[in-house]
Amino acid sequence: MTKETFQQFDIAERNDRLAIFDGDFLKDIPQYTNQWNTKKIVLVVSKGLYTAHDYIQQLEKVLHSKIVATKVGVGAHSPYQDVMDIAHLIQQHDADCLISIGSSSYSDACKIGAQLAATLPPKFTTKEMESLIDQQKGSGITKPASIKVILVPTSLSASEWNGSSSCTNESGKKQHFSSGSHRAAAADLILMDPVLASTAPEELWLSSGVRCIDHCVETICNEHCTPDASKDAQAGLASMLKGLLEYKEGEGRDKERLLKGISDCQRGSRQAIKAMIIHRNSFGPSHAIGHQLGSVGHVMHGITSCIMLAPVLKYQAPDRREQQSTVLKVFNETLGWQEKDAADAVTRFVKLLGLPTRLAEVRVTREEDIEKIAEKTMTDIWGGGKPQLSSPQEVMKILDMAR
C-alpha cells in the first residue's frame, strides 16, 4: 500500500482541504500541525482506543505541549452534550486546532462542535443549539469553523467527507448542522490510517461498512440520480463489498489481507458519499428511518442500515426496478452470486458479515418506540427535508417489514 495525498474533492469548496490514504497518523498529524503553526490543540479520542492501546498516548508525546485539552469518549450518535463539551473546550482554551480520532460519532461531534464554537457565545447551552434548527427540516445553519480540523476515522460511515453532520438532541431526535451545504465546512485534513483503523471492534467496522453500502445503494436508487453519480456509487459499492470481505477473511489470520481490506474500504467510503457532495444526489428512506432508529432505539450507527436497507428496497421495488437491477448487478458481479432481487442480496451480504437484519435482533420491539421512529422520520433531513416518504403510516409499513 502506497501513501496518497490529494484534494478531498475536485470542487472549489474543497480547495486546500486535503485527504491522505494509507497514512501514518504519528507522522502526518505533526507534519500538518507544524505546517499550520498551530499552538493550541484540542484532542477528542475514542475511549476504546485510548484505554486498549497506546497509540493516542504516543501522539500525546509527539504533540506534547501543544495539547491544551483532551476529551476521551463521545456517545453514540453524537449527543448534544458531547458536542457542546467540545465547543466549550475550543472556546475556553482559544484553540486553533481540533483533532478527532474515532468513529463517525466523533467526526460528527467535532465538526459540529468546531462550527458551534464559531457561531454561539461562550458557555452556550443545548437550548441555544436547538434554536438553530429548522424543526420541519431537521437541520440548522452555522458559521464555518474558525480553527483547523483534522479527522482520523476508525469506522466507515463516511461522515468525515461531508460538510453536513448530525447529532442527537435531548429528546432523542437526530438533528443536522452545516454552514450551508454538504460541500462546504469540511475538515482541513482527513487522514486514513489502516493500522489505526484496525483497532476498531469488528462489529463497528463491518456495520459502518454496511452504512457505506447504504450510501451507494440509495444513491443509485434515487430517481434523480445522474449517470455520473450512479457510476461513482457503483464503484464505491464494488469496493466496499470487496474490502469488507477481505477484512472479514483476514481478521485474526492474515494481517496483510486485513489491512488491504481496510484500505479498500476507506477508498470505497469516499466513493460512497461522493455522489451526494459532488453531484448533489440525496439519500433516501433507509437513511431517514435509520437516523431515528439509532437515536430512539439506541441502535449503533451502521447496524441501522443492516436492518433498514433491505426492507426499503423491498418497499420501493415496484417504482425502482431499473435502479435496483443496477445494484443487483454490482452485487452479483463482485461476489460471483446469482441473486434475483436486490433486497435479498443485501440481506444475504449482511448475514454473511454476521450482523443483524431484524428489529427484534436489536431489541426494538415496543410499539411505542416503533411509532416514535416513524413519526420522527418525517422531520428527518432525508424524510422531511427531501421528502421520499409521505406519512408516518408509510414509514410504519417499512418498519413492519423489518420486525
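Let's start with Q175 and the residues around it. Leaving out residues up to four places away in sequence, Q175 touches Y80, E130, I133, Q135, G138, S165, S166, C167 and N169. Keep in mind that this is a predicted model. Where does Q175 lie? It lies in strand β10, which covers residues 174–178. Is Q175 buried or exposed? Its relative accessible area is 0%, under the 20% cut-off, so Q175 is buried.

Now look at the side chain of Q175. One is with the side chain of E130, at 3.0 Å. Another is with the side chain of Q135, at 3.3 Å. Both E130 and Q135 are also on the list of residues that Q175 touches.

Let's zoom out to the whole chain. How many helices and strands are there? The chain has 17 helices and 11 strands. Its C-alpha trace spans about 60 × 50 × 40 Å along the principal axes. Next, the radius of gyration. For 403 residues, a compact globule would come out near 22 Å. This chain has 20 Å, which agrees.

What share of the residues is buried? Of the 403 residues, 62% count as buried. The accessible surface of the chain comes to about 15700 Å². Carbon and sulfur atoms hold 48% of that surface.

Contacts along the sequence come next. Take contacts between residues at least 6 apart in sequence. Of these, 77% join residues at least 24 apart. And the charges? There are 46 positive and 49 negative side chains. The centres of the two sets lie 1 Å apart.

Here are two pairs to compare sequence with space. First pair: H64 and K123. They are 59 residues apart in sequence, and their C-alpha atoms are 27 Å apart. H64 sits in the loop between α3 (55–63) and β4 (67–72). With a relative accessible area of 59%, H64 is exposed.

A145 is in the loop between β7 (139–141) and β8 (148–153). Its relative accessible area is 32%, so A145 is partly exposed. Setting aside neighbours within four places in sequence, A145 is in contact with A114 and Q115.

On to backbone angles. D94 lies in the loop between α4 (80–93) and β5 (97–102). At 55% relative accessible area, D94 is exposed.

R280 is another case. Its phi is near 60 degrees, again positive in a residue other than glycine. R280 is found in the loop between α10 (255–278) and α11 (285–297). R280 counts as exposed, at 58% relative accessibility.

At its start, a side-chain oxygen of D24 reaches to within 3.0 Å of the backbone nitrogen of L26. Which residues of α1 are buried? They are F25, D28, I29, P30, Y32 and T33. Here is a general point for reading such a list. An α-helix has 3.6 residues a turn, so residues three or four places apart point the same way.

Now the helix α17, residues 392–401. Here E394, V395, M396, I398 and L399 are buried. What do the buried residues of α17 pack against? They pack against α11, α12 (303–316) and α15 (367–377).

Last stop: S198. It lies in the loop between α7 (194–197) and α8 (202–221). The side chain of S198 reaches the backbone oxygen of V195, at 2.5 Å. Which residues does S198 contact, leaving aside its neighbours within four places in sequence? They are K255, L258, L259 and I262. Now turn to the model and find S198 in its loop between α7 and α8.

Conventions: Residues numbered from 1 in each chain as written. Predicted model: local features only at pLDDT ≥ 70, side-chain atom pairs only at ≥ 80, totals over all residues. Heavy atoms only, no water. Helix = DSSP H or I, 4+ residues; strand = E, 2+ residues; numbered from the N terminus. Polar contact = N/O pair within 3.5 Å; in protein donor to acceptor, adjacent residues only side chain to side chain. Contact = heavy atoms within 4.5 Å. Rg over C-alpha atoms; globule rule 2.2 N^0.38 Å. Buried < 20%, exposed > 50% of the residue type's maximum accessible area, 1.4 Å probe, protein only. Areas by Shrake-Rupley, 256 points an atom, 1.4 Å probe, with all protein chains shown as cover. Lys, Arg positive; Asp, Glu negative; His and termini not counted. Charge placed at Lys NZ, Arg CZ, Asp CG, Glu CD.
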